[in-house]
Amino acid sequence: MKTRYGWVEINDIRYEHDVIVHTDGSITKRSKKKSKKLRKKYGHTPLSDRELTFLSKEKPEVVFIGTGQFGDLPVTDEAHRILMKYDTVIRPTSEILDLLAAESRSLSAILHVTC
């Protein structure tokens, strides 16, 4: 796995958008639409509670949040409250990729690829 500004590569597939890694190993595009209306307040589209509803279905043991290349992805207070229910690691995306590769527990991850 590797990343640079604007992309992340997982299992030899390059994604040029934010992604969600699900507990079953599937990867989907992060739908920023759910948080877009908060953009003015945060300066970027933040990670909000509206984007975390999948966690209650998947019930991962650990959640990884990749905050982008420079660690600039804001996380709303409501999202933090949801994440407190899980063992959560929030770091720049490049650091998260190394942690994902070494993780043996069931996991979900949200990876921001810019900022």
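The model here is a predicted one, so local features need pLDDT of at least 70 and side-chain atom pairs count only at pLDDT 80 or more, while totals for chains, interfaces and linings use all residues. Residues are numbered from 1 along each chain as its sequence is written, and side-chain values use heavy atoms, with hydrogens and water left out.

Next come the strands at the start of the chain. Helices (H or I, at least four residues) and strands (E, at least two) are DSSP runs, numbered from the N terminus, and two strands pair if DSSP finds at least two bridges between them. An open sheet is built from 3 strands in the order E1-E2-E3, with antiparallel pairing. Strand E1 (2-4) and strand E3 (13-15) are at the edges with a single partner strand each, so one side of each has no neighbour in the sheet. From one strand to the next, the twist averages 15°; the angles behind such values run from 0 to 180 degrees between N-to-C directions, using axes that are lines fitted to C-alpha atoms, for helices over the stretch in contact. Strand E2 (residues 7-10) is joined to E3 by 3 bridges, and the two run antiparallel. Val8 stands opposite Tyr15 in E3.

The loop between E2 and E3 holds Asp12. Most residues other than glycine have a negative phi. Asp12, though, has a positive phi, near 65°. Asp12 counts as exposed, at 72% relative accessibility (buried means under 20% relative accessible area, exposed over 50%, and partly exposed in between, with a 1.4 Å probe and protein chains only). Lys59 also has a positive phi, near 50°, and lies in the loop between helix H2 (53-58) and E6. At 60% relative accessibility, Lys59 counts as exposed.

What about strand E8: how many of its 6 residues are buried? The count is 6 of the 6, so E8 is largely enclosed by the rest of the structure. In a regular strand the side chains alternate between the two faces of the sheet. On one side of E8, Leu107, Ala109 and Leu111 are buried, and on the other so are Ser108, Ile110 and His112. Strand E4 (residues 19-21) pairs with E8 in the antiparallel sense over 3 bridges, with Val19 opposite Leu111. E6 pairs with E8 in the parallel sense over 6 bridges, and Val62 has Leu107 as its bridge partner in E8.

Helix H4 (residues 93-102) has the buried residues Thr93, Ile96, Leu97 and Leu100. They cover an arc of only 105° around the axis, which puts them on the same side of H4; the arc is that of the directions from the helix axis to the C-beta atoms. Asp98 and Ala102, both exposed, are on the face turned away from that buried side. The cover over the buried residues of H4 includes E1, E2, strand E6 (62-67), strand E7 (87-91) and strand E8 (107-112).

Lys32 lies in the loop between strand E5 (27-29) and helix H1 (39-42) and is partly exposed, with a relative accessible area of 27%. Leaving aside neighbours within four places in sequence, Lys32 is in contact (heavy atoms within 4.5 Å) with Asp18, Thr45 and His112.
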